[in-house]
Amino acid sequence: MTVTRDRRFPASLYRQGQEPDVRFTLANERTFLAWIRTTLAIIAAGVALELLGPTMHPTLRISASLVLLLTGVMLPAFAWIGWTRTERALRLGQPLPSSPIGLILGLAVIVSGALIVAAILLGD
Amino acid sequence: MSRRFCSETEGPADPGLQPERTELSWRRTALALTLGSLVALRLVPDALQDARWIFAGVLGVIAGVMMWFIARTRYSRITQAMRGSDPSEMPGGAELALICAGMTAIGIGSTIVVLSAAG
């Protein structure tokens, strides 16, 4: 019996466990892509706020923008780690891992929103 | 081993159309990246008064177009793997890791743009 060597990346992931139902793998992939689209949106919001935003308190505006952008810098790493951890759990038949990524995103939006409101109220 | 890999049905490899939904997810992502890059191409060189930022926008558009084709090649590999018997034909995480790196670079670049515009 010949066994084709699995050349998928990362090798350390595909060495473990056994092949899960394809549908779960594809759902995991779509979740990763959804987080990437979320990253694009939050980065676009951060840039648009600074480049296109109406007149508002400059320091508070740049702070709001940076909160969004720094979250946008972190999200892809979380998306990748979430994908690998979920794929590993699927292969090993373990419960799916949780992730703080949703909480981080929610907090970033709340903090940024509060800064924007303050920036508008305080004016230029 | 999942029975999916031994399937020989006509029509879609998966009646739930998961490969198709996955391809569409890739296409949505490609569109978002391409459109965002086109807008950046329009706004950033003007805002920063520096024509070199055009290259960043062009790179983003190219990445978005590549992603569109990756959607189709991954779909082909998935359906082939589902109809065949070798699960390692399924696409792996290499393209996902590249996207992660590219998106992090976009985030860092955008932070530079904003700090330059404000400073």
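1. Start with B:R42: at 56% relative accessibility, this residue counts as exposed. Here exposed means over 50% relative accessible area, buried means under 20%, and partly exposed is in between (1.4 Å probe, protein chains only). This is a predicted model, so local features need pLDDT of at least 70 and side-chain atom pairs count only at pLDDT 80 or more, while totals for chains, interfaces and linings use all residues. Residues are numbered from 1 along each chain as its sequence is written, chains are lettered from A and ligands numbered from 1 in the order in which they are written, and side-chain values use heavy atoms, with hydrogens and water left out.

2. Who does B:R42 pair with? Its partner is B:D46, in a salt bridge with N and O 3.0 Å apart (a side-chain nitrogen of Lys or Arg within 4 Å of a carboxyl oxygen of Asp or Glu). Both sit in helix α1 of chain B, four residues apart, or about one turn. Helices are DSSP runs (H or I, at least four residues), numbered from the N terminus. B:D46 is partly exposed, at 45%.

3. Over all chains there are 10 salt bridges. One of them joins B:R72 to B:E23, with the closest N and O atoms 2.9 Å apart. Because B:R72 is in helix α2 (residues 53–83) and B:E23 in helix α1 (residues 18–48) of chain B, the pair ties together parts 49 residues apart in sequence. B:E23 is buried, at 7%, while B:R72 is partly exposed, at 41%.

4. Have a look at B:R52 too: its side chain meets that of B:D50 in a salt bridge (2.9 Å, N to O). B:R52 is exposed, at 63% relative accessibility. Over in chain A, shared partners link A:R8, A:E19 and A:R91 into one salt-bridge network.

5. Now the pockets. On a 1 Å grid over the protein atoms alone, a pocket is an open set of points where a 1.4 Å probe fits, with protein on both sides within 12 Å along at least five of seven lines; lining residues have an atom within 4 Å of a point. The largest pocket holds about 970 Å³ of space. It has 36 lining residues, and those closest to its centre include A:L40 and B:L33. α3(B) gives the most to this lining, with 10 residues.

6. The second largest pocket has a volume of about 320 Å³. Its 20 lining residues include A:W83, among those nearest the centre. α2 and α3 (58–92) of chain A are the elements that give two or more residues to this lining, and α3(A) gives the most, with eight.

Definitions and conventions:
Grid points are joined across faces, edges and corners, and a volume is the space filled by probe spheres set on the points.
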